[in-house]
Amino acid sequence: MRELKALLRKDLTTELRDKGDLIVKLSFAVAAGVVASAAAAYAEEPAMAVAGALIIFTVMTGLFEAYSSFIREALTGTLDGLRAAPVEGWLLLASKALVSSLWVWLELIIFAATAAIFTLGLNPSWPPLLAWTVGEAVFMGGISSFVSASLSYGEARAGGVALLVLSLSIPFLRVSVDPLIVSLSGTYPSPGGLASMSIAALGFTAFTVVLGGLTLE
Amino acid sequence: MLVKAEDVWKRYTIDGPWVLQGVSIEASPGDMIAVVGSNGSGKTTLIKILAGLIRPSRGRVLIDGHNAGSIEAKRILGLVLHTSTLYPTLTVRENLQLYADLYGVRNYDPSSDPVVETLGLSRVLDQPVYSLSFGWRKRADLVRSLLHKPKVLLLDEPFTGLDERGVEDLLAILEEHTLKGGAVIATSPRGSDVPGGSFRKLRLVNGRIVGAE
């Protein structure tokens, strides 16, 4: 696990030192939250409006992460150094997936907190909503890292990233909509809904880490 | 035999031109080989195939008996590409520490690495890589490639961008490496850039080895 710790330290440090990227990500979360909040104020069911915006926002964060992980490393040449090192591909992917998940989660929390300013009844610290953001972040972190690894050297990455992120995330997003709407309405989702979302998130992510790791070897 | 590349062919697309055409190279302990070829002759592709970063379309590469690209082969390879593989926002020290961890080098301290000393990198260890000139980055890349004491060094255009002193220092390190039983395969766009008489020069033209210089 020494390698994973070193990779995590590297991925976190390089992300934090890239100030431009950091500011864009966080500003986007605030701006999207404000827009969603303003739209929700006119909706008959504010929870539904915020839910839709949150799902779209999640996909956008996944797209950002896909472009900024392995693809960026391939463009700058650092990915060749990593691939030449005696490290299993799944470890490279696991590190990126963990750091991407952390970013997606942070952005979802900022979005929810900003949206809550103008949306009555929306509580970003509501435990079921927090649990939903964790599941969503784990899933998007895995998918975006997998897509980024798969297309890191490909000519098709310009359009391929969006297409792959969207097509791979739609089945999961469908599973996660019901627990989200219930959470936003201030009640507890059914254990079955949360369980299927958690199983789907972990299953998808484990699958993409293993498969994406193979593409890096 | 430390490196054995047999009849290596490569093209990047199914109907694209052949970048390498039946290249065979062998390197034993103590060998210093320079592959000399103009831009687009296939030098970088060859180095990347030897390093296991790219799979050949045909042929095979063995590194000390292990398939190129395997974890076992990667452990005994040191690689410097023409484009730096160091993280620009990390310091030289942080980059070296990262790779020491990835190669399983215990208790590595860049400050006491003799190669750091020889290449004069001590004073830039705590500077971020983006602030270094091309020549300094190249030196730092070289230290990174040597920190796990590899048997085989693969260097893509190592002499390009180095000043006279840098070339002398690099040559001294490579000669010491081969004296200890290692092998070096380097590339260069011009034969005149390859210093001294230590290197055996092979000419690469349009993806074919056409003879020695």
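**Exercise 1. Work out which residues make the nonpolar surface patch of about 370 Å², and where they come from.**

Step 1. The patch is made by Val30(A), Val34(A), Ile117(A) and Phe118(A); patches are built from residues with over 30% relative accessible area and no salt bridge, with like charges joined within 9 Å and nonpolar side chains (Val, Leu, Ile, Met, Phe, Trp, Tyr) joined within 5 Å. Accessible areas come from the Shrake-Rupley method with a 1.4 Å probe, and for residues only the protein chains shown count as cover.

Step 2. Helix 2 (19-41) and helix 6 (89-118) of chain A each supply at least two residues of this patch, helices (H or I, at least four residues) and strands (E, at least two) being DSSP runs numbered from the N terminus.

Step 3. Ile117(A) is found in helix 6 of chain A and is exposed, with a relative accessible area of 59%, where buried means under 20%, exposed over 50% and partly exposed in between (1.4 Å probe, protein chains only).

A note on the model: it is predicted, so local features need pLDDT of at least 70 and side-chain atom pairs count only at pLDDT 80 or more, while totals for chains, interfaces and linings use all residues. Residues are numbered from 1 along each chain as its sequence is written, chains are lettered from A and ligands numbered from 1 in the order in which they are written, and side-chain values use heavy atoms, with hydrogens and water left out.

**Exercise 2. Describe the largest nonpolar core and the surroundings of Leu174(B).**

Step 1. Beyond its neighbours within four places in sequence, Leu174(B) is in contact (heavy atoms within 4.5 Å) with Met32(B), Leu153(B), Leu155(B), Phe159(B), Val184(B) and Phe199(B).

Step 2. A second, separate core of 39 residues includes Ala40(A), Ile71(A), Leu108(A) and Met140(A).

**Exercise 3. Characterise the contact between chain B and chain A.**

Step 1. The contact takes 27 residues from chain B and 23 residues from chain A.

Step 2. The two chains bury about 2,300 Å² between them, 58% of it on carbon and sulfur atoms; buried area is the accessible area (1.4 Å probe) that two parts lose on being put together, summed over both.

Step 3. Four salt bridges are counted between chain B and chain A, each being a side-chain nitrogen of Lys or Arg within 4 Å of a carboxyl oxygen of Asp or Glu. Asp80(A) forms a salt bridge with Lys48(B), their closest N and O atoms being 3.4 Å apart.

Note on methods. A nonpolar core is a set of buried Ala, Val, Leu, Ile, Met, Phe, Trp, Tyr and Cys residues joined through side-chain atoms within 4.5 Å.
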